[in-house]
Amino acid sequence: MDSFFEFFSFSDPNIRYVVIGSLLLTSSSAIVGTFTFLKKKALVGDAVAHAVLPGVCLSFILSGEKSPIILIIGAFLTGWLSLVLIDIITAKSKLKEDTAIGLILSVFFGIGIFMLTIIQKSGNASQTGLDQFLFGKAASLVGFDLIVFAVIAVILIVSVWLFFKELTLLAFDEEFAVTLGLPVRAIELLLTTLTVLAVVVGIQAVGVVLMAAMLITPAAAARFWTHNITTMIWLAAIFGSLSGLAGAYISYIAPSMPTGPWIVVVISTIAFISFFLAPGRGILYRVKTQRRIKKQINDENILKALYHLGEEGKKFYEKRTLQEILSKRKFEPQALKSGLKRLRSDGYLKNENGYWSFTRAGKRKGQRTVKLHRLWELYLTQYLRIAPDHVHDDADTIEHILTPELEARLEKLLNYPKVDPHQSEIPYG
Amino acid sequence: MHALQIILTGSIVAISCGLLGCYLILRRMAMVGDAISHAVLPGIVIAFLLTGARDSATMVIGAGILGVLTTFLIEFFHKKGRLQTDASIGVTFTWLFAIGVILISAFAGKVDLDQDCVLYGEIAYVPLDLWITESGLIMGPRVLYTTGAVLVVILIFILFGYKELFLTTFDPAYASAIGISTALWHYLLMGAVSITTVASFEAVGAILVVALLIAPPATAYLLTENFKFMLVTTVALGILVSFSGYYIAVWLDGSIAGAMASVAGILFGMAFLFAPGSGIIIKVIRR
């Protein structure tokens with residue numbers, strides 16, 4: 001616990017630098033990643049991340065030192081090359097994009113590993129730490145290196161801010177951007193460059209292998225909370241920063257641990273929480289909504305069956321048995337029982353000694369469902385020229401969805417018809 | 001003798017991966033294969049912790065479970081969460097791989113695995129790790145047996161399920177019309193990919209196995225239109241990759257698995273440029 005307070009008081013200047021570094025690295029790659037994600041290029045980011053390794057190794061072999069600027073140039077070049085090759089392979093051969101991505105990713109990484117093992121065996125003393133590119137070590141980023149990467153991170157954030165409108169257009173509606181006369185190729189080039197740069201800084205924090213997570217996961221998590229791209233970018237940046245902070249803390253308390261995987265586990269946890277619990281798009285919310293709608297449909301169908309029974313001889317408030325209801329429509333026994341129970345507590349039905357009958361509100365609701373069904377059947381036959389024997393199923397679905405406004409418009413459009421295509425009466429009032 | 005054992009292991013791994021890779025790239029599932037190869041890592045480590053040894057059977061089970069779980073999660077997030085497929089793949093496999101690496105670091109003392117092995121395997125040590133029976137009889141390299149057994153399983157799988165795999169790959173609608181379950185064969189294939197990845201793990205690591213899954217089949221695909229011929233070409237390429245990869249690695253003193261992946265890439269590049277019919281340089285010359 002002591003180390004916890006020591007770390008989060010940020011009194012030690014070293015800790016301060018590490019924290020600032022991790023926050024910048026993770027949030028800048030998360031911000032650029034939002035556009036990569038929206039452009040559905042998430043796995044391309046993965047390929048770039050792997051392809052950076054041979055660049056790093058090659059520039060080390062050529063220069064013999066570990067200067068961050070030289071390594072960044074090397075990484076940038078092979079990262080770019082990988083993207084160009086993926087495009088060429090996809091365009092000029094029958095191979096699909098996913099094969100091209102997987103191929104370039106693994107082959108570039110293989111070449112990188114081959115070079116790395118040669119360097120490691122060469123006995124060059126300054127090579128130690130080169131393998132930190134593999135799994136990342138945000139905490140080891142100090143001094144000049146920190147300044148260089150911080151500057152690139154800031155450049156990334158500023159570029160996104162400056163070209164926000166163009167990047168957004170490209171992500172959502174490329175064709176519209178073309179018609180506006182925007183230089184789409186140039187913006188695409190910008191996004192690619194930003195992605196490669198984001199990978200180059202991001203691998204400092206999480207390493208080559210897991211870099212894809214830093215681009216994709218914050219954006220994927222943010223997507224579940226909002227429909228607004230500005231909010232999404234902020235959320236992605238915050239989620240990214242949180243994981244970066246956690247990573248810095250973990251490398252402080254457990255220096256032997258690789259930081260990258262921990263950052264990825266933290267950001268993935270945030271993402272899974274978002275996937276399940278986010279209101280609106282979250283999986284649990286969706287399941288709940290689906291259940292609610294299913295119940296509503298089931299209940300309306302029960303009311304409809306009772307109304308159909310009542311239509312025979314106009315005895316709407318007659319008491320009915322379960323068998324009678326089932327004779328009008330098939331229900332799962334369990335669904336019928338729970339539906340009837342719900343309808344009684346909602347005041348639509350009465351139950352006396354096992355016999356079920358409408359209340360006034362229940363009759364009105366059943367009647368409305370039947371009316372909507374018949375109005376829709378009529379609409380389909382009159383306006384879409386569908387044969388009368390083909391309209392039932394469609395009407396059976398839409399009757400639960402039509403709003404009072406649409407109901408009014410349908411009535412007006414069809415001029416308050418008396419009967420549906422099957423000559424059944426359309427009930428009003 | 002050692003060289004032969006290493007090349008043989010490399011070839012076996014390359015053949016198993018390549019055969020399955022043919023189906024993966026034709027089903028547009030190359031990246032799912034990539035995801036599985038990363039995601040089986042925690043399964044391997046947990047199996048290691050449970051048995052305390054490189055017990056092949058437990059590992060295969062552990063990885064098989066993880067592999068199928070990965071495919072399931074990817075589909076779950078895609079269908080239930082409506083997350084786009086590429087993001088669904090990316091989120092799932094990075095998460096599982098990260099857990100695997102953390103487990104390795106946390107149990108560094110107890111698990112005879114390290115990050116290097118994860119990245120590029122230990123094929124150079126294959127001849128040193130011998131299978132010795134209780135009576136003291138030396139049977140030869142242990143990894144050779146495990147990878148060999150998996151190759152046999154894969155061959156049986158492809159031979160006996162040839163029609164089903166072929167139809168579900170090329171014409172899933174027709175396949176389901178004549179009563180072949182596409183879902184079943186999908187999961188069987190994913191299971192096979194998981195098992196192969198695990199068996200290849202010790203030899204070439206979790207990431208370079210992807211190169212063997214994708215590069216030789218992609219190369220073969222450029223060379224032929226005939227599926228059976230594509231499988232045969234893939235096998236030949238696998239052996240070639242293993243053979244030349246080994247000698248290049250020895251020559252330059254680097255990782256054998258890394259060299260194998262590099263050679264696989266070079267062979268693809270040559271096919272891409274010079275393949276009769278589809279190579280882009282050939283096309284230019286013809287024009």
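Okay, a definition to start: buried area is the accessible area, taken with a 1.4 Å probe, that two parts lose on being put together, summed over both. For chain B and chain A, that comes to about 4900 Å², with 77% of it on carbon and sulfur atoms.

Quick housekeeping. This is a predicted model, where local features need pLDDT of at least 70 and side-chain atom pairs count only at pLDDT 80 or more, while totals for chains, interfaces and linings use all residues. Residues are numbered from 1 along each chain as its sequence is written, chains are lettered from A in the order in which they are written, and side-chain values use heavy atoms, leaving out hydrogens and water.

So who touches whom? Taking contact as heavy atoms within 4.5 Å, 58 residues of chain B meet 54 residues of chain A.

How many salt bridges cross the interface of chain B and chain A? The rule (a side-chain nitrogen of Lys or Arg within 4 Å of a carboxyl oxygen of Asp or Glu) finds one. The partners are A:Lys94 and B:Glu225, at 3.1 Å, N to O.

Which helix gives the most to chain B's side? That's α5(B), with 15 residues; helices here are DSSP runs (H or I, at least four residues), numbered from the N terminus. That side of chain B splits into 37 nonpolar, 13 polar and eight charged residues, where Asp, Glu, Lys and Arg count as charged, Ala, Val, Leu, Ile, Met, Phe, Trp, Tyr, Cys and Pro as nonpolar, and the others, Gly among them, as polar.

How values were computed: Helix = DSSP H or I, 4+ residues; strand = E, 2+ residues; numbered from the N terminus.
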